[in-house]
Structures are given as structure tokens and as C-alpha cells.
Amino acid sequence: MRMGYEVFYPTPLCEIADPENDNIDVCVTMPDGAAYAIVFITPKNLSRMMEAGGEAFIDPAFRFVTVRRIDRDDIEAALKVIAADPKLLSYYGSDQT
């Protein structure tokens, strides 16, 4: 199935030790050359970050997508929704290439 955009994982998914407790940057390039970097994070990793920082909440400026697991299926299912909505995609900024 063709997505209409390119996905690049700077950290290979095989290097994720605990797919249910981690986060990963994912780079997306749209057909028009717009490039986005989106952080995907799991609920367990959010909790770990809050505990480690002694925080009661995650800063609202932290733009990320929460997924059940750091794996190709969950990430690309979320990307499909994000890429289909230009307004939502714009939330993650863009660098024209």
C-alpha cells in the first residue's frame, strides 16, 4: 500500500529494547518536499519521564504522538491519520526541502 509520503526512522526500530516503554523520532517527507519530525512515545515512557523529572504533568508544548508500542504498525497507523489532515500535520512544523 502506497502511503504518498516517505518515512525514515533515524533510530532503527530493531534497536528499541522495550517497545512498550520508549520513544522515537520519526522523519516524514511529504510529496511536496515538506519534512516533519514527529516524536512517538508510549504511555509507560510518559509516566517514566514524569517520575524521573518529579513532574505532575508533561509540558503542553511537548509535541508528540502517543502510541501503544514503538513498532512500525502502530506508528504508521498514526502517521496515516496525521498525514491525511494538513491542519494536524502543521502542528509538527515543516522544513521545505
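Analyst: The expected span of a helix is 1.5 Å times one less than its number of residues, where helices (H or I, at least four residues) and strands (E, at least two) are DSSP runs numbered from the N terminus. This is a predicted model, in which local features need pLDDT of at least 70 and side-chain atom pairs count only at pLDDT 80 or more, while totals for chains, interfaces and linings use all residues. Residues are numbered from 1 along each chain as its sequence is written, and side-chain values use heavy atoms, with hydrogens and water left out.

Helix 2 (residues 72-83) has 12 residues and should therefore span 16 Å, which agrees with the 16 Å between its end C-alpha atoms. Its buried residues (under 20% relative accessible area; exposed is over 50%, partly exposed in between, with a 1.4 Å probe and protein chains only) are Asp74, Ile75, Glu76, Ala78, Leu79, Ile82 and Ala83. These pack, by contact of heavy atoms within 4.5 Å, against strand 1 (6-8), strand 2 (23-29), strand 3 (34-41), strand 4 (64-66) and helix 3 (86-90).

Turning to the rings, a search of the whole structure finds two aromatic pairs, meaning rings of Phe, Tyr and Trp (its six-membered ring) with centres within 6.5 Å, stacked with planes under 30 degrees apart, edge-to-face over 60 and tilted for the rest. Phenylalanine 62 and phenylalanine 64 form a tilted pair, 4.7 Å centre to centre with 40 degrees between the planes; phenylalanine 64 is partly exposed at 22%. Tyrosine 91 and tyrosine 92 are edge-to-face, because their planes lie at 90 degrees, with centres 5.2 Å apart.
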